[in-house]
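Okay, thanks for coming, everyone. Let me put the structure up on the screen and then we can walk through it together.

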Amino acid sequence: MQQRFEYLDIAKGIGIIMVVVGHMISNKGCIGLCINSIHMPLFFIISGLCFNANRNAKFIPFVKKRFRQIMIPCFVFTIICGCLQSSLIPDYRYLLGEIPGALWFLVALFGASIVFHVINQHIEKMNVSIYVISIIVLFTIGRWLYIADFTPPHLQYLTTIPIATAFYEIGFLFQKYKLGNLITTQFANRFMLLPSIGILLIPFAYALLTKDDLVFVNNKINASNGSLSILGVFSILAVSNIMTQFKNTRWLVWLGKNTLPIMAVHVTIIELSVCYLKSDIYPAALYKIVEFSIVWIISIGIAYLLNKYLPFIIGK
């Protein structure tokens, strides 16, 4: 059981590195295409994998728990990051109700967990085909929202909830039907590392060859890139499980346990860095090295201090 949680933390650690790097390059170019193909589905699938239906059987206590774990941090970081960016950049979008940076993810995660809980209460005793149908319906809703270009002002992130719920439900099915055990048993040998990485190259190759960019925040997802993103997530989980056998992976485990504060603050740090440092540092490559160092040092420092002194702010 300990190994199971460790490999999930390693996977989340890999995921948060992709998120930060993606935002540093504005999710552009070949690296951006590869990152976009799997990083958001990864977090929602892992969240579904961790959902315990027996422990969270009652709806109201579950909502209260998830509100404390997700939405209270979201409110706190929205106020802090919004005020910083409004006053120091200045960027007044956040005074008008827009959610700063990557905090939309917390809204989508909270919504997905609540919607899935309702769905699961009604279909948990039914055949797996009912789960599959509900996933297809959720993806269809998300696809329709993209085609219709339905983006209500300041509420556009709520439109990601259907697709987020679909990936959350896929993660739960991994757990419910013991697909997670396949990862921990069949992909437990170090010799499986290269084949696991090889699987990951499939969604990367598709994204690079077709330029079919999976943009989660506006529901730009289809059957092809959505299916391959699930394959990519499976590969990341397999690689993470193998990495539990290696030394010196504790830093990845720590990052995985602290994805929330890093997710919350890194975009604000990037934007402040661009505003105050970019024009003074040449060449551009040197600036990126400085930016990378600043973003990680400050993000990790904030995560450490919050864990030690104000854990309630990050839902602990």
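Predicted model: local features only at pLDDT ≥ 70, side-chain atom pairs only at ≥ 80, totals over all residues.

I'll go through the pockets, then the cavity, and then a few helices.

The largest pocket comes out at about 1400 Å³. It has 47 lining residues, and the ones closest to its centre are Phe 5, Lys 12, Ser 47, Cys 50 and Arg 66. Quite a few helices give two or more residues to that lining, among them helix 3 (39–49), helix 4 (59–88), helix 5 (104–123) and helix 7 (161–176). Which helix gives the most to the lining of the largest pocket? That would be helix 1, with six residues.

Next, the second largest pocket, with a volume of about 360 Å³. Here 21 residues make up the lining, and nearest the centre you find His 23, Asn 27, Gly 101, Trp 104 and Val 217. Helix 1, helix 3 and helix 12 are the elements that put two or more residues into the lining of this second pocket. Helix 12 has the largest share, at three residues. If you sort the lining of the second largest pocket by type, you get 13 nonpolar, five polar and three charged.

Helix 9 (193–210) and helix 10 each bring at least two residues to the lining of the largest cavity, and helix 9 brings the most, with three. By type, the lining of the largest cavity is five nonpolar, two polar and one charged.

Helix 10 runs over residues 223–243, and its 21 residues reach 30 Å from first C-alpha to last, close to the 30 Å expected at 1.5 Å a residue. Helix 10 is mostly covered, with 16 of the 21 residues buried. Have a look at its N-terminal end too: Asn 222 is the cap there, with a side-chain oxygen 3.0 Å from the backbone nitrogen of Ser 224.

On to helix 6, residues 128–147. Its 20 residues should span 28 Å at 1.5 Å a residue, and the end C-alpha atoms sit 29 Å apart, so that agrees. The buried residues in helix 6 are Tyr 131, Ser 134, Ile 135, Leu 138, Gly 142 and Leu 145. Looking down the axis, they fall within an arc of 100°, which means they line one face of the helix.

Last stop, Ile 161, which is in helix 7. Buried or exposed? Ile 161 has 15% relative accessibility, so it counts as buried, because the cut-off for buried is under 20%. From Ile 161 to Ser 227 it's 66 residues in sequence and 18 Å in space, C-alpha to C-alpha.

That's my tour, so over to you for questions.

Methods: Residues numbered from 1 in each chain as written. Heavy atoms only, no water. Helix = DSSP H or I, 4+ residues; strand = E, 2+ residues; numbered from the N terminus. Expected span 1.5 Å × (residues − 1). Buried < 20%, exposed > 50% of the residue type's maximum accessible area, 1.4 Å probe, protein only. Polar contact = N/O pair within 3.5 Å; in protein donor to acceptor, adjacent residues only side chain to side chain. 1 Å grid on protein atoms, 1.4 Å probe; cavity = no way out; pocket = protein on both sides within 12 Å on 5 of 7 lines; lining within 4 Å. Points joined across faces, edges and corners; volume = space filled by probe spheres on them. Nonpolar A, V, L, I, M, F, W, Y, C, P; charged D, E, K, R; others polar. Arc of directions from axis to C-beta.
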